[in-house]
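Here's a quick tour for anyone opening this structure for the first time. Have a look at it, then read on.

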Amino acid sequence: MTALSVLDLSPIVEGSNASQSLANSLDLARHAERLGYRRYWLAEHHNMPGIASAATSVVIAHVAGGTTTIRVGAGGIMLPNHSPLVIAEQFGTLNALHPGRIDLGLGRAPGTDMGTARALRRNLEAGADSFPQDVVELMGYFQPAEDGQRIRAVPGEGEQVPIWILGSSLYGAQLAAMLGLPYAFASHFAPAELDHALEIYRSRFQPSKQLDKPYVMLGLNVFAAPSDAEARLCSPRCSRPSSICAPAGPAACRRRSTDMSATSTRWPKPCSTRRCPAPSSAPRKRSGKASRRSCSAPAPTS
């Protein structure tokens, strides 16, 4: 049976606030846990009035503390916004509090507009271009400390927090394959690249201490309503990648993910086709605002 997971942005619906949205996220996570979902991931976005998950590691602590068995993690942390040491300490702390239940997905986009990205990190020169090196540095902080090691993540060292690479292009597929890491592909907003990205990831995968064979998770849009007819009515109104479908209640119109198992020191370079854009010298620009759209279908009550 295919394992299912949930990707949540803690949407703030019209007339509500961040406090209620974060309570809704915990309520949905508890529902997902009871229904047997494998993971509950939160996404990092900034300067967006419709999203409450900006402080992603804090929200993860909130959800993990209110659940008992489901894995909780980031889908993902936008590493160009942070220093690798800070993320190692944050997720090392989370794993110390909730052993064996924390995932760390990493992305190279800023998750916001360029002005906000500058406010977050101040120095964008060491942003997306240094993403592979930052991932390797972060992985190193989770290893047991060596004699004489001057910089250590405490908590963090020896925690062995599972790291995933997130992506919507071929760049992430190449990097995940090179480092031997699991790969989460955003097919909910880049479906045209799905087959090509998975082909590259599986064919170039190099086994690592974390993973001996390729492992893929796909992001898919799922629209939930009391009936198929109401879900179809909801779907076209809430299918844009930047939109948040927000009927009243926590359990409707959230993104879900599917886990699927599958059978050099040079960093990935763009291929020669138009389907593989060259890595930008700055983080890719994403929409600075999240639209808040209401579906006419009422939320499920269970």
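Predicted model: local features only at pLDDT ≥ 70, side-chain atom pairs only at ≥ 80, totals over all residues.

## The core

A nonpolar core is a set of buried Ala, Val, Leu, Ile, Met, Phe, Trp, Tyr and Cys residues joined through side-chain atoms within 4.5 Å. Buried means under 20% relative accessible area, exposed over 50%, and partly exposed in between, using a 1.4 Å probe and protein chains only. The largest nonpolar core here has 63 residues, and Y40, F91, L104, L106, L138, Y183 and Y201 touch the most other members. Helix α6 (residues 170–179) gives this core its largest share, 7 residues. In soluble globular proteins, nonpolar side chains tend to be buried together.

Residues are numbered from 1 along each chain as its sequence is written, and side-chain values use heavy atoms, with hydrogens and water left out.

The protein chain has 302 residues, and 53% of them count as buried. You'll find 8 helices and 10 strands in it; these are DSSP runs (helices: H or I, at least four residues; strands: E, at least two), numbered from the N terminus.

In α2, the residues T56, S57, V59, I60, V63 and A64 are buried. They sit on the same side of α2 because they cover an arc of only 155° around the axis, the arc being that of the directions from the helix axis to the C-beta atoms. On the other side of α2, V58 and G65 are exposed.

What covers the buried side? The cover includes α1 (18–34), β2 (39–42), β3 (71–78), α3 (84–97) and β4 (102–107). Zoom in on S57: its relative accessible area is 15%, and, leaving aside residues up to four places away in sequence, S57 touches Q90, F91 and L94. Contact here means heavy atoms within 4.5 Å.

## Salt bridges

How many salt bridges turn up in a search of the whole structure? There are 3, each being a side-chain nitrogen of Lys or Arg within 4 Å of a carboxyl oxygen of Asp or Glu. R39 pairs with D103, with the closest N and O atoms 2.8 Å apart. That pair links strand β2 to strand β4, 64 residues apart.

R71 also meets D103 in a salt bridge (2.8 Å, N to O), and both R71 and D103 are buried. R152 and E157 form a salt bridge too (2.6 Å, N to O). Shared partners join R39, R71 and D103 into one network.
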